[in-house]
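Please find below a note on the structure under review.

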Amino acid sequence: MRSVFLLLTAMLIAEPASAAQVVISDRIEAVAVTVYRDPGRGEGAIDPRWPNGYALVTETRRITLPAGEAVLRFQGVAEGMLAESAIVTGLPQGVREKNRDARLLSPAALIDANLSRRVRLTRTDRATGRVREQEAIIRGGPHDGVVLETTEGVEALGCSGLPERLGYDGVPDGLFAKPTLSVLTSSDRLVEAEVRLSYLAQGFDWETHYVIRKAGEGDRYDVFAWLTLANGGQTGFAGASTQAVAGQPHREEEARMGARAPLRLALTCWPMDITSTHDGMGIPPPPPPPPPPPPMAMAGMEDIVVTAQRRNAMEMAAPVMVATQEELGDLKLYRVPEPVTVAAKSRKQVAMIDRRAVPFDRLYAATLDLDQGAEARAMALTLRGRNRQDRGLGLPLPAGGVTLFEDRDGASLLVGETRLADRAIGEEVEITLGDSPDVRLAAVRGEGDGKADQMTLTITNARDSAAMAEVEIPYEIRGSARGLTRKDGRPLWRVEVPANGKATTRFRLKLE
């Protein structure tokens with residue numbers, strides 16, 4: 001009995017267990033960002049509102065961890081962080097729990113966190129011009145406006161026409177100035193630790209843009225490509241070791257956005273006074289609420305940061321640095337050789353490909369369409385090459401936009417813009433630059449013998465130089481025809497049309 005009494009006494013006088021200490025980590029010693037393309041974008045451009053690719057972010061931080069249990073808060077992680085993907089290494093006893101603290105400090109978030117709570121309202125009295133402070137209770141907001149209740153009635157914030165502001169006693173729990181990942185850990189002693197945090201984050205993307213310029217005489221072209229990295233979040237990464245991965249790694253299931261859309265503060269002024277002033281029967285119906293704000297745009301997306309020299313937008317100077325291409329399993333890794341800053345809500349361009357005097361065949365192409373009728377139509381100006389080392393290329397070409405320039409009288413002039421699909425080593429590279437009004441195709445279909453119709457194709461060339469032309473025929477023909485070959489199993493007419501001249505061929509088109 002006495003032993004039980006002593007045990008109870010010891011329990012009563014023992015000091016209570018101390019709560020977990022909070023350790024803030026807001027300084028990044030080193031960071032690496034590997035960007036993956038939006039798997040659903042195809043050959044289209046990056047979404048300027050919110051890039052739909054993702055990135056693997058790896059940060060190295062130094063922390064001082066106290067003895068006992070501690071909550072370690074990694075401040076400044078990416079806004080679109082996927083908390084379930086986070087891996088923390090370097091802690092003495094590992095991680096027991098992790099939480100993504102997604103609610104960021106903002107005027108709208110403060111309103112939302114203080115609903116039905118008392119705040120201080122500071123305003124200028126309309127009658128006397130004196131500034132006074134009074135208590136108010138937030139009754140509604142922030143999406144459809146902020147509604148306050150004071151001793152004078154219920155009113156909407158910001159409707160007096162004079163300066164007004166709200167004051168709070170402090171920052172509510174759960175609001176953070178920066179995106180934060182919190183982990184629960186412990187240590188048996190005070191320790192200095194180097195911790196590595198790795199995680200996936202949405203809101204990133206990358207693409208390629210090719211600048212092709214005719215190189216002197218002949219059909220040779222300089223091919224230059226920019227690697228464009230997009231960061232749609234509000235967290236930037238300074239001095240980051242940066243890579244981009246081409247291809248689509250297998251992901252069993254696409255994760256949803258890790259961060260909630262930020263709350264937006266709306267000030268809707270109705271009634272234009274306080275409710276105790278008017279007879280409710282005389283108040284006109286409230287106006288409709290304003291339309292919701294557009295999706296968050298990337299405010300900095302128009303500010304292109306270029307890390308290679310160029311004299312103007314249409315010239316290609318020797319780049320300061322060029323991303324190097326490496327193998328990553330079946331994927332391709334493009335590594336930026338020097339640390340760069342992947343700024344918040346911005347795009348950055350880094351030189352990616354630089355090839356000079358690449359030979360391309362210049363031709364005019366069309367596909368025969370029997371529904372087009374007999375009227376002549378323009379053929380498409382096309383550059384065709386082969387992605388081989390002995391043809392000046394011989395490296396993976398990611399999908400992206402293409403801009404072609406040619407020099408005239410010492411000035412670079414835009415010839416055309418298009419997009420290029422992914423091209424592996426050894427594949428044909430075909431760049432279609434738009435229709436040419438000077439080279440046209442006419443197709444005339446005549447009656448046949450019941451088994452085949454007579455087709456007559458005529459290409460006219462209004463240029464002062466000869467033009468190579470190709471017409472793909474996606475139909476079956478009977479017999480043979482002069483000048484027709486086959487490509488990918490289909491009949492093909494390839495002919496050089498003389499300057500200011502024409503070329504004609506005839507063949508029998510098999511009926512269904």
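In which strand is the place of Thr-122?

1. Thr-122 has its place in strand S7, which covers residues 118–124. The model is a predicted one, in which local features need pLDDT of at least 70 and side-chain atom pairs count only at pLDDT 80 or more, while totals for chains, interfaces and linings use all residues. Residues are numbered from 1 along each chain as its sequence is written, and side-chain values use heavy atoms, with hydrogens and water left out. A strand here is a DSSP run of E with at least two residues, and a helix is a run of H or I with at least four; both are numbered from the N terminus.

2. Thr-122 counts as buried because its relative accessibility is 9% (buried means under 20% relative accessible area, exposed over 50%, and partly exposed in between, with a 1.4 Å probe and protein chains only). Apart from neighbours within four places in sequence, Thr-122 is in contact with Val-131, Arg-132, Glu-133, Pro-163, Glu-164 and Arg-165; contact means heavy atoms within 4.5 Å.

3. For the chain as a whole, the secondary structure comes to two helices and 31 strands. Of its 512 residues, 42% count as buried. Among contacts between residues at least 6 apart in sequence, 73% join residues at least 24 apart. The chain exposes about 27,700 Å², and carbon and sulfur atoms supply 50% of that area (areas come from the Shrake-Rupley method with a 1.4 Å probe; for residues, only the protein chains shown count as cover).

4. Strand S7 belongs to an open sheet of five strands, ordered S10-S9-S8-S7-S11 with antiparallel pairing; two strands pair if DSSP finds at least two bridges between them. Strands S10 (153–156) and S11 (164–167) stand at the edges with a single partner strand each, so one side of each has no neighbour in the sheet. From one strand to the next the twist averages 40 degrees (axes are lines fitted to C-alpha atoms, for helices over the stretch in contact, and angles run from 0 to 180 degrees between N-to-C directions). S10 is joined to strand S9 (residues 147–150) by four bridges, and the two run antiparallel. Thr-150 has Gly-153 in S10 as its bridge partner.

5. Which strands pair with S4 in the parallel and in the antiparallel sense? Strand S1 (residues 21–25) pairs with S4 (residues 68–75) in the parallel sense over five bridges, and Ile-24 has Arg-73 in S4 as its bridge partner. S4 and strand S12 (residues 180–187) pair in the antiparallel sense over eight bridges, with Gly-68 opposite Ser-187 in S12.

6. Gln-21 also has its place in strand S1. This residue counts as partly exposed because its relative accessibility is 40%. Gln-21 and Ala-67 are 46 residues apart in sequence, but their C-alpha atoms are 9.2 Å apart in space. Not counting residues up to four places away in sequence, Gln-21 touches Pro-66, Ala-67, Glu-69, Ala-70 and Val-71.

7. An open sheet of nine strands has mixed pairing and the order S28-S31-S26-S25-S22-S21-S27-S30-S29. Its edges are strand S28 (477–478) and strand S29 (484–487); each has a single partner strand, so one side of each is left without a neighbour in the sheet. Within this sheet, six bridges join S27 (residues 467–472) to S30 (residues 490–497), and these run antiparallel. Ala-469 stands opposite Val-495 in S30.

8. The whole structure contains five aromatic pairs (rings of Phe, Tyr and Trp, the last by its six-membered ring, pair if their centres lie within 6.5 Å; planes under 30 degrees apart count as stacked, over 60 as edge-to-face and the rest as tilted). One of them is the stacked pair of Tyr-36 and Tyr-54, at 4.9 Å centre to centre and 5 degrees between the planes. This pair links distant parts of the chain, since Tyr-36 is in strand S2 (residues 30–36) and Tyr-54 in strand S3 (residues 53–65), 18 residues apart. Tyr-36 is buried because its relative accessible area is 13%, and Tyr-54 counts as buried because its relative accessibility is 7%.

9. Phe-204 and Phe-237 form a tilted pair, at 6.4 Å centre to centre and 40 degrees between the planes. Phe-204 lies in strand S13 (residues 191–214) and Phe-237 in strand S15 (residues 237–246), so the pair ties together parts 33 residues apart in sequence. Both Phe-204 and Phe-237 are buried.
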